[in-house]
Amino acid sequence: MLDLTPKTVTERGALRVNPCKTCQPVGALYAALGVHKCMPHSHGSQGCVSYHRTFLTRHFKEPAIAASSSFTEGASVFGGGPNLRTAVKNIFDIYNPDIIAVHTTCLSETIGDDLNSYILEMSLPDDKTVVHSNTPSYVGSHITGYANMLSGFIRYLADAHAAGNGKTAVFPGFVNPGDIREIKRMLELLGLSFIVFPDQSGVMDAPMTNTYQMYPEGGTTIDEIRALGGCARVLSLGRFSCEAPADALEKKCGVPYVSLPLPIGVAATDEFVMAAAGPDGSVPGELDDERGRLLDLMLDANPYFYNKTLAVFGDPDTVLGLTAFTLELGMKPKYVITGTPGDAFVRQARAVLDRFGIVDAKVKAAADLFELHQWIKNEPVDLLLGTSYGKQIAKAEDIPMVRAGFPVLDRYGHSYMPIVGYQGAMRLAELVANALMDRQDRDCADEDMDVVM
Amino acid sequence: MDVKSEILGRYNAKVFKNRKDHILRVTGTEGGVPEIAANTRAMPGIMTNRGCCYAGCKGVVVGPIRDAVTITHGPIGCGFYTWGTRRNKARAGEDGKNFIQYCFSTDMQESDIVFGGDKKLRQAIKEAVEIFHPQTVFICSTCPVGLIGDDIHAVAAEAEKLYGITCTAFSCEGYKGVSQSGGHHIANNGLMKRLIGSNDTPPETKYSVNLLGEYNIGGDGWEVERILRRIGYDVVSVFTGDGSVERISRSHMVNLNLVQCHRSINYVAEMMKTVYGVDWLKVNFIGLDAVCDSLRNIAEFFGDEDLKRRTEEVVAEEMAGIAEDMAFFKNKLEGRTAALFVGGSRSHHYQALLKNLGVSTVLAGYEFAHRDDYEGRDIIPEIKEDADSKNIEQLEVERDPKRYRAFLSPERYEELKASIGLENYRGMIRDMPDGSYVVDDLNHFETEQFSKLLRPDIFFSGIKDKYVLQKGGTLSRQLHSYDYSGPYAGFKGAVVFGRDLVMGLYAPAWNMVTPPWKKERPEKDSEKEGSSHA
């Protein structure tokens, strides 16, 4: 496996090998699936959306609907306006969503299609809506695209004159439906009145009923997105995935926001709970107990975590959370990378590592898994924690691996289960401990094999 | 109202007009095969399953060649999505080179779009050569590359001089053509121009073949190669599953090309005939009768009595080896119905295997086929070129006077054309049962509707449809990826396929979907009194 990867690291300025990111549009598509009765639409040639639907379906094991402007050579030369008009008509006629969320591609961005005016000039049925966001594939990553699509919804829909509703808006970050369920459960325990935007729970984890529903029950409604403008505040979880849309909402509607890390691990979940509860709010005993059980587990299994080294890789917000939690477990992150570009990631990761006195970890944004593998060849780690493509390195170097983040293409059930909150942290702790302890059992001499651990 | 009218009736006028010629019901083909519209643009917004030119070129044909570094020139997505996702298995050869596990991209950024990406491409090739030392580098371009006008062919030519490698560029921008099909053609052209015919090492025996249009998904190519080698053939090259540049470069030295996937590779077959005189034969290694017929036709082509005897021996042994398993699975599957919607030829091929298992076909369609894949090659002269097909280069090739060799005498060639269908493909429709439906470029809406109206027990499709169908209570198996199983080809593959269908249909969970409180509850005993059934 990966036998052609040399140990010697050489500087690369142009060749990306084994990326740890993908392009903006797939993030935009996923964001749009978190809106109720929404048809995501890719304004480009039809291969993009075919790949994106395939990719999301492989991660969630759920249908991921989306349409395409099906550009051919003609549209690429003369502009995609007619294609978009035809697409919008056909989508409303055949698939009848309430809203179409258009995102651009490198094709339509390069030719400079003006989506604003295309959409303005469309005559739409009264009860139907079309929104868009610009998601050029050659800028940022899928995380950028996710943020941009959320900002697009806000720009078009959030109502600056909405009546104050006193609600807390929560932007949950680029996470799985299981995580969103957990976030909502915690908000309910805290007794908050809230709007979660976007909300892929119920959509990308719809139950098996023998009836296919193109638009399942879940998703943030259009009315809720309008009402974001009347919310008292926003808790935006994940600085890379949700700070920009929170900022867009503040600029448009004056709703203040608190930008928090994804609530992965003890401190980040504490921060989320404290922020959600507010200065005067109380935290219910259930959350105390959950937290207590998590700490109990962390102390029980501490010997198996202590000083174990690991590599963390994936999307920036997730990686920052996983890094913080493994530090809390007593582990030593040695390599912390994301494929998404941006120096802010490095600064934030360093700050997390500094809190635990780790100064020698390698941290890199706009990195790839090829480079990570080379580092590991030079100095190995005890555990890999990240996305499915890490399995190649795990096999090549015989290192145990725990899957978390996006994408996880080769396991089932992961998208239903949270990694956020105290309960999510318990699950992560169990996954990590099991991986390390299985390895210890596998590798130890017969006489060292302990039935009780 | 028949199913076709019922479905079309739900469309607006423009969509109706567009889609009506892509759907037909088979009602006997004795009076001629009905015409179907194919290889035309999908309507925007229709939710087609189709992909793009890049997917056909890099994803299908070029990607599986294991010993070349294939650099996707473009933003990161396209390269990323074709990384280890198509299950075209490959093992490193003696040279140790297997790049299938890797993804190479120029990861173009905004400045590359604005100022041109050729500098970055040059640098990427340099880095690839320095780190990986490949003999061959392929470049596959994505949408923006064509728009900004990067001259990837000039960069490739320059790299050949600089590094002494083979470097071939494919201009397979996603917007070209109407589906993956244009990409297959562009890839075929590139292989023909640059690789095929560059190494004149002769095969080990005169019974030498290439297997074209076999991408070794789930190990299919290996199973077919196993059978062919058992009989005594030298399989010089497989296009392109587990393919290698070295094998492809001497593929023109064979005496017969076997064409498995007609759609993606017929261009190479035709061009090799023109240039080198290599005859080609459409084969099907999916389904037991189809495998046996194909093997007998190949033996007939070579005309050697020993080879024919050996073929019968191998067929008998292989069939005996799987007879019991196949009988068991057939018993479990007999009477079921299937719908198939896959890319090129598989929707046709798998009908043969399903027949062996007692499963009949109620619907079949292709994602990116042309009319000849449905109606047979006789109609090729009738196909009109349109603006989209004109955009894909039609490579003009000529006979190579030095290397052109005809294996057959002209008389024997004519004989075999009639008897074994040499250089012909009769298309899918002729093999479909009366009353079944043929649908080209089946979209999301039609998938749902046909599934509801025809109620197939199994719907073979791809990952985008799979859970739509499953959520609706229909077993869906992916015929692109085999749901991470396989091989399904040859003799051993038939057993794996049968097992997978039985596994899927008999999953205990199907019977538990409806909770007991939602089922009709049994009547109380007192109310039952007087009922007549025992």
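Trainee: How many nonpolar, polar and charged residues are in the lining of the second largest pocket?

Mentor: A pocket is an open set of 1 Å grid points over the protein atoms alone, with protein on both sides within 12 Å along at least five of seven lines; lining residues have an atom within 4 Å of a point. Ala, Val, Leu, Ile, Met, Phe, Trp, Tyr, Cys and Pro count as nonpolar, Asp, Glu, Lys and Arg as charged, and the others, Gly among them, as polar. In this lining, eleven residues are nonpolar, 14 polar and eleven charged. This is a predicted model: local features need pLDDT of at least 70, side-chain atom pairs need 80 or more, and totals for chains, interfaces and linings use all residues. Residues are numbered from 1 along each chain as written, chains are lettered from A and ligands numbered from 1 in written order, and side-chain values use heavy atoms, without hydrogens and water.

Trainee: Which residues lie nearest the centre of that pocket?

Mentor: B:Asn39, B:His370, B:Ile383, B:Lys384 and B:Ser389, out of 36 lining residues. The volume is about 920 Å³, counted as the space filled by probe spheres set on points joined across faces, edges and corners.

Trainee: Which helix gives the most to its lining?

Mentor: Helices are DSSP runs (H or I, at least four residues), numbered from the N terminus. H12(B) leads, with six residues. In chain B, H9 (181-194), H12 (262-276), H16 (371-375) and H17 (387-390) each supply at least two.

Trainee: Where does the largest cavity lie?

Mentor: In a cavity, a 1.4 Å probe fits but cannot get out. Domain bounds come from an automatic or database assignment. Domain 1 (24-157) and domain 2 (168-207 + 214-286) of chain A both line the largest cavity, so it lies between them. It holds about 150 Å³. Of its 19 lining residues, A:Ile65, A:Val203, A:Met214, A:Tyr215 and A:Pro216 lie nearest the centre. The lining has 13 nonpolar, three polar and three charged residues.

Trainee: Which domains line the second largest cavity?

Mentor: Domain 2 and domain 3 (302-444) of chain A each give at least three residues. Among the lining residues are A:Tyr30, A:Phe174 and A:Asp315. Its space is about 100 Å³.

Trainee: Which residues have the most contacts inside the largest nonpolar core?

Mentor: A nonpolar core joins buried Ala, Val, Leu, Ile, Met, Phe, Trp, Tyr and Cys residues through side-chain atoms within 4.5 Å. Buried means under 20% relative accessible area (1.4 Å probe, protein chains only). A:Phe153 and B:Phe132 have the most contacts in this core of 320 residues. Helix H18 (residues 421-443) of chain A gives the most to it, nine residues. Contact means heavy atoms within 4.5 Å. A:Phe153 touches, among others, A:Val35, A:Ile99 and A:Phe197.

Note on methods
Buried means under 20% relative accessible area, exposed over 50%, partly exposed in between (1.4 Å probe, protein chains only). Lists of a residue's contacts leave out its neighbours within four places in sequence.
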